[in-house]
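Biologist: Please take a close look at a single part of this model. I would like one connected account of it.

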Amino acid sequence: MLKQLLAGSTLMGMLLFGGASTVNAQQAPGAEPGAPQPQPEGMQEAPQMDVSETDLERFAIAIQQIQAIEQQAQAQMVEVIEAQGLSIERFNEIAQSQQDPELQAQVDVSNEEAQIFEQAVERISGIRQEAEMEMETAVQQEGLDVQEFNMISQAVQQDPSLQQQVMEMLQN
């Protein structure tokens, strides 16, 4: 559960904070979320960090707050997409086709649909920016800055005993 939480919930937070290097945003095909990823050639693993009990508690509370912010933001994003008359599946299909030249030829998007999609993307961008600010505030309210939060996240991902401690804190 914690691995999924860290890989899923904090992924959005880390990407929004610009700390994607602390969370493996791209999982290897078939890899379990949160599973150790191979290090690119020439890169060394970060040294183990000593995390105090207090910082771990702050981290766990911030994780809970970030998760709530993410859920709210995701619900708002779904509302925006559906209010534009697109299904989530169609929105994702169009988004993927814009990122993959091979898919562009396969996905037929009318001019009207492209405009609707762009309007939704613009509104979603605003929701993401607002969520980013809320997440950063949540982290700071727990007495951490974003860099400290990211460092603790990385330490937790690398240390099963810290994972267990955070999991216990989240269950209480």
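**A pocket and the helix that lines it**

Modeller: The model is predicted. Start with the second largest pocket, whose volume is about 420 Å³. Its lining counts 16 residues. Nearest the centre of this pocket lie Met77, Phe91, Asn92, Ile124 and Arg128. By class, 10 lining residues are nonpolar, five are polar and one is charged. Three helices, α2, α3 and α5, each give the lining at least two residues. The largest share, six residues, comes from α3.

Helix α3 covers residues 88–99, 12 residues in total. At 1.5 Å a residue, α3 should span 16 Å. Its end C-alpha atoms are 17 Å apart, which agrees with that expectation.

Now its burial. Arg90, Phe91, Ile94, Ala95 and Ser97 of α3 are buried. Viewed down the axis of α3, these buried residues fall within an arc of 160°, so they line one face of the helix. On the other side of α3, Glu89 and Gln99 are exposed.

What covers the buried residues of α3? The cover includes α2 (53–83), α4 (101–104) and α5 (111–141). Two of these names return from the pocket: α2 and α5 also supply its lining, alongside α3.

Note on methods
Residues numbered from 1 in each chain as written. Predicted model: local features only at pLDDT ≥ 70, side-chain atom pairs only at ≥ 80, totals over all residues. Heavy atoms only, no water. Helix = DSSP H or I, 4+ residues; strand = E, 2+ residues; numbered from the N terminus. Expected span 1.5 Å × (residues − 1). Buried < 20%, exposed > 50% of the residue type's maximum accessible area, 1.4 Å probe, protein only. Arc of directions from axis to C-beta. Contact = heavy atoms within 4.5 Å. 1 Å grid on protein atoms, 1.4 Å probe; cavity = no way out; pocket = protein on both sides within 12 Å on 5 of 7 lines; lining within 4 Å. Points joined across faces, edges and corners; volume = space filled by probe spheres on them. Nonpolar A, V, L, I, M, F, W, Y, C, P; charged D, E, K, R; others polar.
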